[in-house]
2 protein chains.
Amino acid sequence: MKYIDKIQSPADVKRLNVEQMTEMAGEIRNLLINKLSVHGGHCGPNLGMVEATIALHYVFNSPIDRIVFDVSHQSYAHKMLTGRVGAFLDEKHYDDVSGYTEPSESEHDNFIIGHTSTSVSLACGLAKGRDLRGENYNVIAVIGDGSLSGGEALEGLDWASELNSNLIIIVNDNQMSIAENHGGLYKNLAELRATNGKCENNLFKAMGLDYRYVANGNDVNSLIKTFEEVKNISHPVVVHINTLKGKGYHFAEEDKETWHWIAPFDINTGQLKFTSDAENYNDLTATYLLEQMKADGKVCAITAGTPGIWGWTPSRRKEAGKQFVDVGIAEEHAVALASGMAKAGGKPVFGVCSSFVQRTYDQMSQDLCINDSPATILVLWASLAAMNDVTHLCWFDIPLLSNIPNLVYLAPTNKDEYLSMLKWSLDYKEHPVAIRVPVGNTVKSSREVPSDFSILNKYEVVHRGKDVAILGLGNFYAMGEAVAGLLKEKGIDATVVNPRYISGIDGALMEDLKDDHKLIITLEDGVLEGGFGEKIARYMGPSSVKVRCYGAKKEFADRYDVSEFFTENRLRADLIAEDVINLL
Amino acid sequence: MKYIDKIQSPADVKRLNVEQMTEMAGEIRNLLINKLSVHGGHCGPNLGMVEATIALHYVFNSPIDRIVFDVSHQSYAHKMLTGRVGAFLDEKHYDDVSGYTEPSESEHDNFIIGHTSTSVSLACGLAKGRDLRGENYNVIAVIGDGSLSGGEALEGLDWASELNSNLIIIVNDNQMSIAENHGGLYKNLAELRATNGKCENNLFKAMGLDYRYVANGNDVNSLIKTFEEVKNISHPVVVHINTLKGKGYHFAEEDKETWHWIAPFDINTGQLKFTSDAENYNDLTATYLLEQMKADGKVCAITAGTPGIWGWTPSRRKEAGKQFVDVGIAEEHAVALASGMAKAGGKPVFGVCSSFVQRTYDQMSQDLCINDSPATILVLWASLAAMNDVTHLCWFDIPLLSNIPNLVYLAPTNKDEYLSMLKWSLDYKEHPVAIRVPVGNTVKSSREVPSDFSILNKYEVVHRGKDVAILGLGNFYAMGEAVAGLLKEKGIDATVVNPRYISGIDGALMEDLKDDHKLIITLEDGVLEGGFGEKIARYMGPSSVKVRCYGAKKEFADRYDVSEFFTENRLRADLIAEDVINLL
C-alpha cells in the first residue's frame, strides 16, 4: 500500500493527484475484499462507490460540508478516508467500526442510517437548519438508484426544490437495487444513461431540480470535475453518476444480487466459508408458496426489494412468473397492493422483514385493516436473535402490528404449525392475517397441529397444571417448555400454553386460570413495551393473579452479543424458573 | 330538479346527453351546497369534481369497472349517481351516508378511504388481482394534485408502469392541496397546464406512464371524449384534468383553503353558523410559536399540508416567513426534515394530527429517535372525542409512539403545563420530545407548573392518599380528579397522579405506592392496547397491587356518539368510582 494506510483525514486525500487517487481506489478495493471475506458485510455497494467517495473528499470539506449516505451501506471507503482505515487494515480491529455511518465514531458521519430512502430528506433538514442559522456550507446526499423508489426518497426529491439554497444530491446509479430494480423511474434512468443525460423526460427536472450527468462514475477525474462544478451551488442539484456495482471483484460484478451483502467467503473461489444444509424458514416458505401457486393461479407473492430474505432466488422467481411481484423498495405500496389484490379476489402474500414492516403502519391500518382485506403478511426475521445493528432491530413488530384492529397476528411455534397457518390464511376471508414467521432452522411439531384457526384468540393449552401458567409465544414457546421442565424438577406442575394469537386474549382461558393459578408468565421474542405480555398483565390486572412478563426492555440496542443480551433481560429458562419460585 | 333526483344508478346517467348532464351538474352543486351548509363536510374537492364524476359514470361501467377515489373526500357526486341521492335531498337522511367511500353503502365503493395518497397503489392491487384471475375490466384511480406529494402515491405511480395492463389514473389538478401546494412536482404540473400537456419534462412520462391532458376538467364533453379514448386501454395511463376547486360557489372558489372542509354556514353570506370566542389549543400554539420565532430565528414550524389544524392561518404563515415550512402532504419527509434541522442546530417543531402521525413510524424510529435528534413533535387532536370517522380516528398514537426508544412523549393536562413543556422542548438537547397537545378549549392550571422536565418519567403526585391511586393521563387527568372527588364522598382518600410522561414509568413512585395502595387506576384518552395503562399493569404485575386500565377497547369505531362511546368503555367518573369501590 502506498496511500490508503497513510490517510488520516480527508486533508490527506486532497494532497493526492488523480493518478494517485486512482491507485488508491485499487488499494481500497483490496482492503474491502479482504475484510468482507473474513467479516461479511455489504460488498457490491461499497465496491462501486470507491472513486466517488474519494472524489467527494477531494472536492468537499467534510465535516464542515456534510455528507449523508443513504442506507450508509456504501460508506466503508468513506470510513477509510476519515480516520478509520485501521478498522480495515487489521483483522483484530474489524469490529471497531459499524457497517453504517455512526456519529459516535467520527464527526464525518452525520447520522446513524440503515433503512433506505432517507438521505434526501435528512439532507434537506441539514440544509434548512443551516439556512435558519445563516451559515454557509455544502450539504450532500448520496443515494443509490435502488433507494429512489421508496416513498420517503420521492417525497424528499419533490420537496428539495423548495429549498432555494445549496443541496447536492448524488444519485449513484448502479442499475441495481438489492435485486433488480422495478418501477417506471428506472426506465427513465436507463434513458438518461443512454442519452448521456439528455433525453426528453427527466424525472429530476420534472421535480424541479437542476441536473448533471457523469457517464463514468468510476472515473476519479470526471467525478472531480463535476463535483467542482456543483460545489457551493446556490440551489438543489442532482448529480447522476453511472457506476458499476461490485466493481473490481469479478464475482461481485457478475452476480450483483448475491454479492450485495455477503457472508464470509473465499476470495479465490467466491464460495461462502460457512454453509448449512439444514432447512430454514426462508427456503421453506418460498418452496411451499411455489407449490401453492401451481395449484392456484390467484396466489401471488409480493416483496419490496428483498426477495432473497425469504427464499425467493432468481430461479424460484422465474418459476413463479407473474405470481411473483417485486415492487422495489416501496413497502407502503406493497401493503396497499396486497389489499387491492385481495379485494379483487387474489391471494396475495407480502413477505417483509420485521425491521422494514415498520415503514407500513398507516398502510396496514388504513389500506389493509380498515378494509378487512384478506391478504397474508409474513413478518420475517422477527426475533431478538436476528440482526443486531441498531438500525435493523427486528423486535418492534409486536407493538406495531398487534394493536391494529382487525388484524389477526399469529405466532407459530414450529414448522408444521407455521405451514398450517399459512395455508389457512390463504383461504381465510374474514380478516387480514399476519404471521410472525419462526426464525432459524426449522423444527417439527411434537403436537398435532390444527388446520383451522378461524376461532380467533383460542390459545393452545399444551399441558394443564396449576399455580403457574407459562405463555410461551412463537419462537419462545420452546423456552417456556424448558422453564416448565425446570419447575417440574422442583415439584411445580406448571401449565404450558402456546398462545398462537398475538393480537388477542383468550378470555375464557384467562378466567379458567384464575381458579387455581397464582402467577402467569409471558415470554415473547421482542420488546416488552406495547407487546403481548402487557395485554395479559392488563387483563389480569384487576384479579389477584400475578403476571410477570419476559421480553426485551425498550432500548435501541446496538451490535449486542445475543447471549449476554438474553441474560441481561433474564431471557434464560434457569433465570425465569428462579423468578417463578420466588414469586410463588 | 329535472335529473339528479331521478338517478338511481349509473345506467340512468348513460341515458342523458351532454347538455342534460351539464344541467345536472348544476343540480348536483346545489344539493352539495345545501347539504354542506347544514351538515358541514368537504366542500371544494366535491364542487370541483362534479363534471368528472358524471363523465366517469357515463363512460365506464361501475361496479364492473372499479373506481378508487383518493381520500374519497370528493366522492359526494359519485354517491348521488350510485343510488344514494336521497342522502343529499332530504336533511333527515343526510347522515345515511358517510363522508367517504364506504363499501357497506354501495357496491360502487371499492374501499373505505380517508387518508391521502393511497388510491394509485390500491388500484394497482385491483388491477393485478384482476390480471391474476384473467378478468377484464377497467380500474380507475382518481387522485388530486395535492395527494401526489405523498410517498405512497409516488411509490404507486412509479410501480404502476410495471403492470402492462389496464389502469387509468385520473389526476384531478385543482392547483391546491388543503392549503397551497409545495414541492417541485407542482412546477411541472403548472408547466403541463401552460403547454396543454406538451412541455419537455413530464413527471408521469418520466415514471413510465402514458399521458393525456384535459384543459377544461369541468367540461363534460371533453372529459367524456378523453375517457372514451382511454377506456379499455391496454396499459397504465395518466389522464391529467385541470379543474376548478370550489367551482360554482364563489366563496369556495375565492378562498379555497377555508372552503376545503367547512362547518355549517349561511349560503348567502358564507359565514359560519357556529363560532366560538373561547381560546383553543390550535390558536394558542401558533400564537405562542410565533412569539418564540421572533425571539429566536432558529425556531421553525413544520406542517405536512395541514397548517390550519394548528392555527397556522395564511396571515400567521406570512408573519413566520422562512420559519414556517409546509412540505405538502409528505409526513415522512417532515419527520426526517425535522431530524436534519435539529442536527444542524435548528429548533424544528412538527405539528401533526394524531391520525396522520401514523404515516411516520419508521421515520420517527430511524430518522429521529435512533439519532436522538432534539426536535419537537406536536401530536394534535389526539383524543377519543376528536374526529370520529373510522379513517380519522385520533387514538392510536400512544401505542405507536410511546414504545419507540429515546422518544420523550409528554401528556400535558392544561394550557400552562402545555406551554411550559413546549418551551422546555425547544431548548432540550438530549432526546426528541413529542407532546400530546390537549384538545378543545384551553384550561388554566390550578397547580404550579415546572419549567424543567429533564428528570424523565417523574410523575406529579397531586394528592397523596392511600388504598387507591388514580393515574389520569393528559386529557383524562380531569376525569381522574372527578373520580377522586366521588371516592372522597364515600370516605376513600385516593392518591391523584398526573403522569406527565407517557413513554416511561416512575419506578420510585410505583414502589412507594406498593406500601399502602391496593389498587391503581389508569385513565388514558386513547386505545388501551399497547398503551400507557398496560405499562403500569406490567410493572405492577408481579406485585399484589391490582391495576385497572381505562381507555378505549381496540376496534375501528365509526361515526360514534362520543357520549355513548365513553359509557360503553366505562369512561365516566361515576362508573369508574363504582368499579373502584367494587375492587377495593
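Start by selecting chain A and chain B together: between them they bury about 8,900 Å², 56% of it on carbon and sulfur atoms. Buried area here is the accessible area, found with a 1.4 Å probe, that two parts lose on being put together, summed over both. Next, pick out Glu155(A), Arg538(A) and Phe556(A), which supply 8% of the area that chain A buries against chain B, more than any other three residues.

A word about what is on your screen: this is a predicted model, in which local features need pLDDT of at least 70 and side-chain atom pairs count only at pLDDT 80 or more, while totals for chains, interfaces and linings use all residues. Residues are numbered from 1 along each chain as its sequence is written, chains are lettered from A and ligands numbered from 1 in the order in which they are written, and side-chain values use heavy atoms, with hydrogens and water left out.

**Stop 1: the two copies**

Now show the contacts, meaning heavy atoms within 4.5 Å. You will find 108 residues of chain A touching 108 residues of chain B. Of the interface residues of chain A, 99% are also interface residues in chain B, so the copies meet through the same surface.

**Stop 2: charged pairs**

Side chains of opposite charge can pair when their charged atoms come close. Eight salt bridges cross the interface of chain A and chain B. Select Arg538(A) again, with Glu529(B): their side chains form a salt bridge at 3.2 Å, N to O.

Then move to Asp109(A) and Arg84(A), whose side chains meet in a salt bridge at 2.7 Å, N to O.

**Stop 3: an enclosed space**

Where is the largest cavity? Select Tyr361, Phe396, Pro399, Leu400 and Asn403 in both chain A and chain B, since these residues line the largest cavity. A cavity is a set of points on a 1 Å grid over the protein atoms alone where a 1.4 Å probe fits but cannot get out, and lining residues have an atom within 4 Å of a point. The lining divides into eight nonpolar residues, two polar and no charged.

How values were computed. On a 1 Å grid over the protein atoms alone, a cavity is a set of points where a 1.4 Å probe fits but cannot get out, and a pocket is an open set with protein on both sides within 12 Å along at least five of seven lines; lining residues have an atom within 4 Å of a point. Ala, Val, Leu, Ile, Met, Phe, Trp, Tyr, Cys and Pro count as nonpolar, Asp, Glu, Lys and Arg as charged, and the others, Gly among them, as polar. A salt bridge is a side-chain nitrogen of Lys or Arg within 4 Å of a carboxyl oxygen of Asp or Glu.
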